[in-house]
Structure formats: C-alpha cells, structure tokens
Amino acid sequence: MNATAAGKATPVNLAQHSYWNLGGAGSGDILGNTVQLFASRYTPVDAELIPTGQVAPVAGTPYDLRAPTPVGARVHLVTGGLSKTGATIYGFDTNYAVDGGDDVDAHAHALRRVAVVRDGKSGRSLELWANQPGVQFYTGNFLTADVKGKGGKAYGQYGALCLETQGFPDAVNHPNFPSVIVRPGQVYKHEMVYKFSF
C-alpha cells in the first residue's frame, strides 16, 4: 500500500484486515493454531481499547507469544473488548511492537519477520514479513455464527485470526510512538509478504 502527502503533513496508517483460518473453510476455530510473534513488547489499552501510550514488555504476561503458542492456551487470559451488553469478551485484539521496528516511521522500507502461524491438522503454515512497526493480532473475538465466509461456511467466535501490520494505533496522540505522519515529498510505503507452506 502506498500513499503520498499532497501539500501538507498527513497521518497515514493503513492496515490489511484479512481473516485467516489455515484449517480451511468450515474447519472450526483457530484455537489449536500455534502463533509466534516476533515482538517482545506491546501497547496496552484502556477499557475502550485505546492505547494508553505505554509500550510494555510481554515477558511474564499472557501477551508473550515469542515462542510458538497455541491460541487456545492464552485467548481466555486476555480481554478483547466488551459486548453490547457490557459483558467481557476474551481474546486478543492487541498491537505488538515488532522487534527491530523502534526507529520505523510511516515511510520506512525495511522488511522484518513479524509472525508465523501453524495449523497442525492441515499442516499449513503462514509466515508474515512486513515493514511496519506494529502488528495488530486479532482472534475473531466478535465473529458470530451468522458471519458467512467461503462457500457459505459460518465463522463463529475465534473462527479466524488477523495479523494487521500497521503503525501503532493512536500514534498521533502519543509522541513516544513511531510517527505515522507523512510529510510533503515523502512516500508512505507499506509492504507485506505472506509465505505459505504445507
């Protein structure tokens, strides 16, 4: 994804929101998938899922996915939002600071390894590389059985996951976050490389 500022400094933070279920259409949830994120820090959020401005270490927390970890082993240990009735929804909806991305701003170009996801039943794996400082890991916390995907198959809660490479959310309000401002003459270039194996 590319963007250019036309005349004045512009915040740009584009994200690809693809849902992945490596088991295939109608295979059930992703709780048995293993996820490894190459990120030793994350951006904690408030009750409304807005970043607090802190960048905290994942070590010793349920957010630590630096080693391959089954999604189901941690999904019920983290709060992923509130339902319309105010009930707590569990699951990941978390921005991680990709290792080596501290000095990355909106017009950076260096690709880094971000994540590896494996589905043991199908043998499929996905490896993601990108040039953005963050990745939002989302476990489909708000998917409901009426969400239809490929072939009309239903995808309920935890039916898929997302890995959205991005600048840090709310970066314009946190000067300690990598900048998402593109200035005139600069080009925002967001690259993602997906590698699949079986």
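**Note on the aromatic pairs**

1. Trp-20 counts as buried, since its relative accessibility is 19% and the cut-off for that class is under 20%. The coordinates come from a predicted model, and the remarks that follow should be read accordingly.

2. Eight aromatic pairs are present in the structure. One of them joins Trp-20 to Phe-196 in a tilted arrangement, with 5.4 Å centre to centre and 50° between the planes.

3. Trp-20 is located in the loop between strand 2 (10-11) and strand 3 (34-37), whereas Phe-196 belongs to strand 16 (residues 192-197); the pair therefore ties together parts that are 176 residues apart in sequence. Phe-196 has a relative accessibility of 39% and counts as partly exposed, while Trp-20, at 19%, is classed as buried.

4. Phe-92 and Phe-137 make up a further tilted pair, for which the centre to centre distance is 5.1 Å and the angle between the planes is 45°. Distant parts of the chain are linked here: Phe-92 sits in the loop between strand 8 (88-90) and strand 9 (93-97), and Phe-137 in strand 12 (residues 134-138), 45 residues apart.

Technical notes. Residues numbered from 1 in each chain as written. Predicted model: local features only at pLDDT ≥ 70, side-chain atom pairs only at ≥ 80, totals over all residues. Heavy atoms only, no water. Phe/Tyr/Trp six-rings, centres within 6.5 Å; stacked < 30°, edge-to-face > 60°. Helix = DSSP H or I, 4+ residues; strand = E, 2+ residues; numbered from the N terminus. Buried < 20%, exposed > 50% of the residue type's maximum accessible area, 1.4 Å probe, protein only.
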